[in-house]
Structure formats: structure tokens, C-alpha cells
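Hi,

Here is the structure I promised to pass on. Have a look at it first, and then read my notes below.

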Amino acid sequence: MEADDRLIQALDQYETLIFSICYQMTKNYFDAQDLTQETFLAYYRSLSDFDGKNEKGYLTKIAANKCLDHLRRSERRTAPTEFPELEVHIPPQPPPEQEVLDRLLQEKLLLLCRSLKPPYDQVAEAHFCRNMTAREIAAQQRRRQKTVQTQIARAKKMLQQLWKEEDWL
Amino acid sequence: MTHLSEEKIQKYYQNMLDSRERMEVLEHAAQCSACSERLADAIPQGLLLSPPLTLRQNIQEQCSAAHTGTIRPQHAQRTVPAHPHKEFCLYTAKVVFAMGVAILVAFTGHSAIDHSPEYNGHYTASPSSGRTYPTEEAVSSISEGISKLGQYCAEALYFYKEDLPTNKNKQ
């Protein structure tokens, strides 16, 4: 089977699963997107070496590695305390109501998008909440696609930071 | 290797593990395909999140770019030019030419300067035309910067030292 066909099949079967796993590992909606992307890219590149057995486990293993690297990089960026024994111990959090997780996430996302300064608020809401592409947004707002793409990238960074700062699930 | 227990996996999804225990689960899943599959199978239905529609498109675009070579693979070797000496000479000539132009532009206006009272160490203005020009010090620092940049670029392009003209080679 062609690599592209295998990728499409893997996306059909496991995109939601890998994205959800990445979210559970990082608790960050945007980091989960980036890590899901990295996971499938790494999977695509390694297809020639992959024997095709246990695809779910293979993808999850790649995702776990990507998330681990990401979390370790984030830890290194934070300043270490002088007294490690006083470092904050994060206690277990109560689980959310499972059936409303998706809805709560979308609501939070919308709020965060609207909290950005113009023109990022409109672009962020259109792209992240209504799933419009940069081309569609550019056509709607009569602007250059490149400008919209840059604004989406900047909005994503801001939202990523805002998401981390908020106390979330 | 101690595998993940069912209880631990359940607690992981119930958010009943502390940060250290969560990292342990992650670290083990990163090494063990069997346990990573069990972790994937155990995710509750209610925790499955719908990814944004643009994510799939982004993934396919990135993979397509990786396939065509637009995105450089992670561990690609940097290539060395076929004729590094010739390339180095060409590059040096370009840098020297650019420096010459910069100095020429600077000194073309320099003669019109009448030691204006607006002198600020970097720029000075001609009282007759009102135009501002960089001072000699500014031009020197620009030239120095361009030289350093040229040196840095030459090193970054992996030119071999033995290909550079030296006194020994000339003899």
C-alpha cells in the first residue's frame, strides 16, 4: 500500500484517539494539536521500517515519546527551585464530567479566542472555533492569505500561552 | 521491565495519579508498545476529543512536504559545495563589493558635512541640505559587522580550511 494511503487510513482510524491521548498527556488543546501532527509525521516517515503489526500501539508509543519530550522541554524552561523538597506537588485532580468535556473545551476555546486583541480575535475564532481555513478567512475578509496565515500562527502562540496560564482540567 | 497495571491505567484516566506517577506512565508507554496499546484501548469514550478539522489537512500537507523534500528531514547531512575554493572566492568578492558600496555611499555624503551641531556620534546632518549621513565611526562599525558576517557565513557553509589559499600553498 502506498505511504499516502496508509497515512490516510491511519488518520481515519486513529486521529481522534491520538489527539485525545495527547490532550490527556499534556492537558493543553494546542500542544495536543502540535504533538498529534508530529506523531503522524514521524509515523509517515517511519513507514518503510514499520512492519504493520500493532499500529495502534505503535502510534501511541510515538505519541508518548513526543509528549514526553515536550513535557521535559517545558520543565527545563521553568526555573528550578533552590530547595527541591519544597517544589509544588501537584495532587490528583477530580475527573471532569466526561460527557461534557468536548463541549466545555469548545466553550473555553471560544472565550480565549474572543479575549485576544483585534484582529487576532476574529481570525482565531474563525480558524479554531469554526474550522475555517486561512484561504477562506482571507476571502471572507478580503485580505492576503499570507497575512491571515501569519495571524493564525501568532494567535495560536498566544492561545497556547493563555491555555497554560488558566487552571484547567 | 514492570508493565503498567490495569489499576494504574484506570487511575491515569481518572486523574487520580500525581504528576510523578503520570510521568512514569508516560515514560513506560514511550518504551513499551504493548502497554501503549493497552493505554490507548483503555481511554474512556467520554474523554475522546474531536480534533479540529484543520488538523488533518495540516498533517497531510506536512507529510506531503516531507515526501517531496520541501521540509528537510531531521538528521539530514549538510552538503559541501563541489568547488569550495571557488565558491569562497566568489562569496568574498560579493562581501567586499557590498562593503565598498556602503563606504562609498557613506563618504559621498561625508564631504558635505560641516560638523553640524546635531552630531550625535552616529549620524550628523549637513546644515546646507539637511540630509543626515553616518559618521566614520558608524561606517567602521558597519564594515566590521559585515566582515564578521562574511566570516560566519563561510564557516557555516563548511568550507574546508585546506581549500583556502594560504602562503604554503602559494609556495
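One term before anything else: a crossing of two helices is called left-handed if the near helix is turned anticlockwise from the far one by less than a right angle, and right-handed if clockwise. Keep in mind, too, that this is a predicted model.

With that in hand, go to the place where α2(A) meets α4(B). The crossing of α2(A) over α4(B) is right-handed. Their axes are 9 Å apart, and the two helices pack at an angle of about 35°. On the α2(A) side the contact is made by A:Gln33, A:Thr36, A:Gln37, A:Phe40, A:Leu41, A:Tyr44 and A:Arg45, and these meet B:Leu55, B:Asn58, B:Ile59, B:Gln62, B:Cys63 and B:Ala66 of α4(B). Sorted by type, the residues of this contact are seven nonpolar, five polar and one charged.

Zooming out to the whole interface, 35 residues of chain B are in contact with 44 residues of chain A. On the chain B side, α2 (19–29), α3 (33–41) and α4 (53–68) each give two or more residues. The biggest giver there is α4(B), with nine residues. What kinds of residue does the side of chain B that touches chain A hold? It divides into 21 nonpolar, 10 polar and four charged.

Now for chain A itself. Its secondary structure comes to seven helices and zero strands. Of its 169 residues, 32% are buried. Among the contacts in chain A between residues at least 6 apart in sequence, 58% join residues at least 24 apart.

The largest nonpolar core has 47 residues, and A:Ile18, A:Cys22, A:Phe40, A:Leu59 and A:Ala63 touch the most other members. Helix α1 (residues 3–26) of chain A gives the most to this core, namely 11 residues.

Finally, a word on confidence. Chain A averages a pLDDT of 83, with 82% of the residues scoring at least 70. Among the elements of chain A, helix α2 (residues 29–45) has the highest mean pLDDT (94) and helix α4 (residues 101–115) the lowest (84). Over residues 81–90 of chain A the pLDDT is below 50, and beyond near neighbours in sequence this stretch has five contacts in the model. Where pLDDT is low, the predicted coordinates should not be read in detail.

Cheers

Note on methods:
Residues are numbered from 1 along each chain as its sequence is written. Chains are lettered from A and ligands numbered from 1 in the order in which they are written. This is a predicted model: local features need pLDDT of at least 70, side-chain atom pairs count only at pLDDT 80 or more; totals for chains, interfaces and linings use all residues. A nonpolar core is a set of buried Ala, Val, Leu, Ile, Met, Phe, Trp, Tyr and Cys residues joined through C-beta atoms within 7 Å. A residue is buried if 20 or more other C-beta atoms lie within 10 Å of its own, exposed if 12 or fewer, and partly exposed in between; C-beta atoms are placed from the backbone. Helices (H or I, at least four residues) and strands (E, at least two) are DSSP runs, numbered from the N terminus. pLDDT is the predictor's confidence in each residue, from 0 to 100. Two residues are in contact if their C-beta atoms, placed from the backbone, lie within 7 Å. Ala, Val, Leu, Ile, Met, Phe, Trp, Tyr, Cys and Pro count as nonpolar, Asp, Glu, Lys and Arg as charged, and the others, Gly among them, as polar. Axes are lines fitted to C-alpha atoms, for helices over the stretch in contact, and angles run from 0 to 180 degrees between N-to-C directions.
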